[in-house]
Structure formats: structure tokens, C-alpha cells
Amino acid sequence: MAEEMTCKIDAAFDSGSHTKSENLPVQVTSIRLNKDNYLSWSAALEIGITSRGRLPYITGEKPAPSKTDPQWATWALEDSQVKVWIISSVSADIQPLILRKSTAYDMWTVLARMYGRKKRVLRTYQIKRGIYSLKQGDLSVASFFAALKTKWEELDYHVNDDWHCGSDHALYWEKEWMDQTFIFLGGLRDEFESIRSQILNCDEIPGIEEVYAR
């Protein structure tokens, strides 16, 4: 049985398919997961894995077939490659937590539970605090806007509200977009006071994208 399984794996390596390990990099992102950067790490790694056609291995859509299935050897090779990508993209102190996991999906799920939404409330507080304290200072308008956008996008990730009424959801986002406009305008340097006053005196406050474009 062991010899038969070895032959299957060797055949998968020797085939002309895209599963050849020598054609695949050991790393698909330069970002290494630590205790504070799960959002950027997971986004970058997911892009890298997706670009190589392996996304189903971390979403659970590609479960392991039976070991008697002719496709098992190919699945094992591809899943192991994704495991290598995950292991090589986390810090040394995190690696022992996932090394013994059976599949790439198990690794991905454990990391999501430990560093992702499990700490959503605390991270939401930290992000909002950072948003309200952020000022333009010596930054250009473009850099200041980009810094705010990055924080807002991270905040969107951590906000996990279930909406039962579409109109309430729309009203919520209308308020959020107006708050973003106020935060952006309020954080600009005093030299932009005339533009700030002009916008705030409009009958209808424009959205953040339109304000930035001005």
C-alpha cells in the first residue's frame, strides 16, 4: 500500500501538470504574520494563493478526497504547497501553533480564530481611536486621505453587523460616509479653512470621495 501511494505521488510530480513543485515559489507574500497585522497579512496571502489557483484549499471548498481516490495524490501535493506558503508567511513564534495541522484549511482557520475576528471589539476600538486622533500634520493631502482610507477599510473588516432591514443599512452607511467627510475635513491643516467652510456650508454635504477630489 505504501509503495502504491509513493508511486501515485511520484507520478503527480512527474506529470506535466501545474502541480510541479519546482514551478511554485516557497513564498507568495513578503508580509509575515505577527500578533498585530492579521488583516494585511491575510489579504496579501489570499491574493497570492488565489493567483496560483489554490484558493479553495483555504476556503474549505477543496476537502481531502479518500486516499483510495486517484485524485488524492494531486490533492495532497497541492494542499501541502499551500501549507508551505502559510507556514513560510508567519513569524517563528506562530509556526509551532500550526505545524501539526492536517490541512491548509485547518491552518487558515486556526489563524483566523486566533488573530482575526476573535479580537474584533478590541481592534475596532483601537482603529477608531486612531482615526479620530489622525491629523494631516506634515502629510500631503493625498497621504492624509490614504492613511484615513486604510484605517476605514480595516474598520469595515472588523465591523460584523447583521442587517435585517435594507433601509436601516443604507441609513447607517449614509451616516458613516458623512462622519468620514467630517473627520477628513477636521483633520486638514488650517490653510484649508476656506475650502472646509465652503463645503460645510453646502446645502448637502458631499461624500468623502467628492470632497477629496476638490
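Reader: How do the axes of α2 and α5 cross, and at what angle?

Author: A word on the source: this is a predicted model, where local features need pLDDT of at least 70, side-chain atom pairs count only at pLDDT 80 or more, and totals for chains, interfaces and linings use all residues. Residues are numbered from 1 along each chain as its sequence is written, and side-chain values use heavy atoms, with hydrogens and water left out. Axes here are lines fitted to C-alpha atoms, for helices over the stretch in contact, with angles from 0 to 180 degrees between N-to-C directions. The axes of α2 and α5 come within 11 Å, and they cross at roughly 160°.

Reader: Which way do α2 and α5 run relative to each other, roughly parallel or roughly antiparallel?

Author: Angles under 35 degrees count as roughly parallel, over 145 as roughly antiparallel, 65 to 115 as roughly perpendicular and the rest as oblique. The axes cross at roughly 160°. So α2 and α5 are roughly antiparallel.

Reader: Which residues of α5 make the contact with α2?

Author: Contact means heavy atoms within 4.5 Å. On the α2 side, Tyr38, Trp41, Ser42, Leu45 and Glu46 take part. Their partners on α5 are Trp108, Leu111, Ala112 and Tyr115.

Reader: How many helices and strands does the protein have?

Author: Both are DSSP runs numbered from the N terminus: helices are H or I with at least four residues, strands are E with at least two. The count comes to 10 helices and 0 strands.

Reader: Is Glu154 buried or exposed?

Author: Glu154 sits in helix α7, residues 141-158, and touches Leu39, Arg123 and Ile127, leaving out residues up to four places away in sequence. Buried means under 20% relative accessible area, exposed over 50%, and partly exposed in between (1.4 Å probe, protein chains only). With a relative accessible area of 14%, Glu154 is buried.
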